[in-house]
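Please open the model in your viewer and keep the selection panel at hand.

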Amino acid sequence: MRCLPAIFIHMSNLSRREFAQEFTKLLAAAGLATGLPLNAQPASLQSGAQAPALGPSVSKRLPGDDRMVGIQVGAVSFVDEGITPVLERFAREVGINTLFLATYSYGRGIAGRQVPGQPLPDHGKQEYDTDYHGGNFARTHEQYYAHTPLKKIQAPDYGDFDVIAAIIPEAKSRGMKTFCWYEDSFRRDLEGLEPLLEVTLSGKRASTACFHNPGVQAFWQALTEDYLRSYPIDGIMWGSERQGPFGNALGASAGGARHDPLEISCFCRFCESEAKSRGIDPQRAREAYTKLAALVRDSRSGTRPADGYFVSYWRLLVQYPEILAWEKLWNDGQKNAYKNIYHLAKSIRPETAVGWHIWHNNSFSPFYRAEQDYKEFRDYSDFLKVVMYNNCGGPRLASCIDSLSHSIFADLSPDATLDLIYKNLNYKESKLSDLPHSGLSADYVDRETRRALAGVQGADKKDSADKAIKIWPGIDIDIPTGDNEKKTQPEDVRQAVRAALNAGAHGVILSRKYSEMRLANLRAAGEALRA
Ligand SMILES: [Zn+2]
């Protein structure tokens, strides 16, 4: 039993139940019986089956065999390339054991073929789906949508093809798990959407749905219930790549400089009603955000206030606590979506894994990062897919810096802003002029993985083993970037995967979608996972 210490080290992050299972396997591998209760034993030892002797399936198990190796894949890839060839490639070339099926989206980030204008990868149909529509790529079961006006969500793109029904048996036969992966996106022309849309500071309807509108919460619950009651899925992952009015007013994100600070949200009647219940005066909040918008516009035009930019922003926050109160109100609406989805899923099938895609902005904006409290996520998550896309992370961070250095940090040069953000976020990466074409390094993946693991473990070590949630970093494989910007190479993927695993990640999710990945880069992930 000399091998025990090493395995005990590996088990340090496991729950008691997982520990019992690992221990049982270890004893079985050594040909020993166990006194553990039956339900703590692996399935292979249950149902009266004889404990296997030192068979190949047991003796070959390594500590890393239990890690989650996931890939995000949309319906189009199975339609274009066939279910069997795609799954066999995933199994053979990468060792994928979990599919994150893009089951609902109106966006192109996780569904559809390659984004038009970007080079097509070396597999799949060699043409762009410029008529992509989006929606629910599984069958929509109407009985679950009684409490939301959003019912006509069926994606028309692939006829009657129901991606979950088609994939689950094929995945199961290969020992793969199937997760539904759906995101907070809508088409403006979706029937029933208009009254659910957020209202901007200037009084227009936004293109995003308000989390304080009961019809919106009901929709995410309906879709979740539909997936869980209609299909024997293993898990769900939902993502919302949005932030509140404060972050948007500052333009604190990649592409944030294009945000009009008057078109921030939400100021709808549901948000006003929620505000009043918290003792926040909606009129004061509007006045505050209007002043903030004026300051952002002055900052962008280079009209420096006498006391400077930062002091003027801070003064507004002190004079109008409504700014951050309204920001928190928005965040709490989004958190309600997480909580509602989680508790509903657990009430239907407790063993379903439930977790979230955490937006890449977490890597760029200290304001957004402050709002993603990993410890708080422990109460309503089994896992977090923390986005750590290192290649496109370079140009995205540079874009965020360009925006921040023309709003709240306009006292600083863009280079000095980047240095400040590196210090805030604990990275050490390229200088600003190199960032778009250098990307971020594997060291960034390492640091973000360790930060996430530390965050979900929290301070109360005593119960951390049972409460700790899994961290599955999202790995960048060919996420589109602009001309002359960083493009993924196989060595980037190998290094990013190794960095995540060496830092202690419980698995990785290859992202964003198989239909944009080049095969050499995908194989590189497999190489790193096998090493
Ligand atoms: Zn609202």
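In this tour, a contact means heavy atoms within 4.5 Å. The model is predicted, so local features need pLDDT of at least 70 and side-chain atom pairs count only at pLDDT 80 or more, while totals for chains, interfaces and linings use all residues. Residues are numbered from 1 along each chain as its sequence is written, and side-chain values use heavy atoms, with hydrogens and water left out.

Stop 1: Select Leu 510. Not counting residues up to four places away in sequence, Leu 510 touches Gly 70, Ile 71, Gln 72, Val 94, Ile 96, Ile 475, Ile 477, Met 517, Leu 522 and Ala 525. A nonpolar core is a set of buried Ala, Val, Leu, Ile, Met, Phe, Trp, Tyr and Cys residues joined through side-chain atoms within 4.5 Å; buried means under 20% relative accessible area, exposed over 50%, and partly exposed in between (1.4 Å probe, protein chains only). The largest such core has 140 residues, of which Phe 90, Trp 220, Trp 356 and Leu 510 touch the most other members. Now select helix α12 (residues 322–348), which supplies the largest share of this core, eleven residues. Helices (H or I, at least four residues) and strands (E, at least two) are DSSP runs, numbered from the N terminus. A second, separate core of eleven residues includes Phe 100, Ile 110, Trp 181 and Ile 509.

**Stop 2: the zinc ion.** Which residues coordinate the zinc ion? Select Cys 210, Cys 266, Cys 268 and Cys 271, whose SG atoms lie at 2.2 to 2.3 Å. Donors are N, O and S atoms within 2.8 Å of the metal (3.2 Å for Na, K and Ca); water is not among the atoms, so sites may look incomplete. Cys 210 lies in the loop between β6 (205–209) and α7 (214–230) and Cys 268 in the loop between α8 (245–250) and α9 (269–277), so the pair ties together parts that are 58 residues apart in sequence. Cys 210 is buried, with a relative accessible area of 1%; Cys 268 is also buried, at 6%.

**Stop 3: strand β8.** Select residues 353–358. Six of the six residues of β8 are buried, so this strand is largely enclosed by the rest of the structure. Two strands pair if DSSP finds at least two bridges between them. Strand β7 (residues 235–239) pairs with β8 in the parallel sense over five bridges, and Gly 239 stands opposite His 357. Strand β9 (residues 383–386) also pairs with β8 in the parallel sense, over four bridges.
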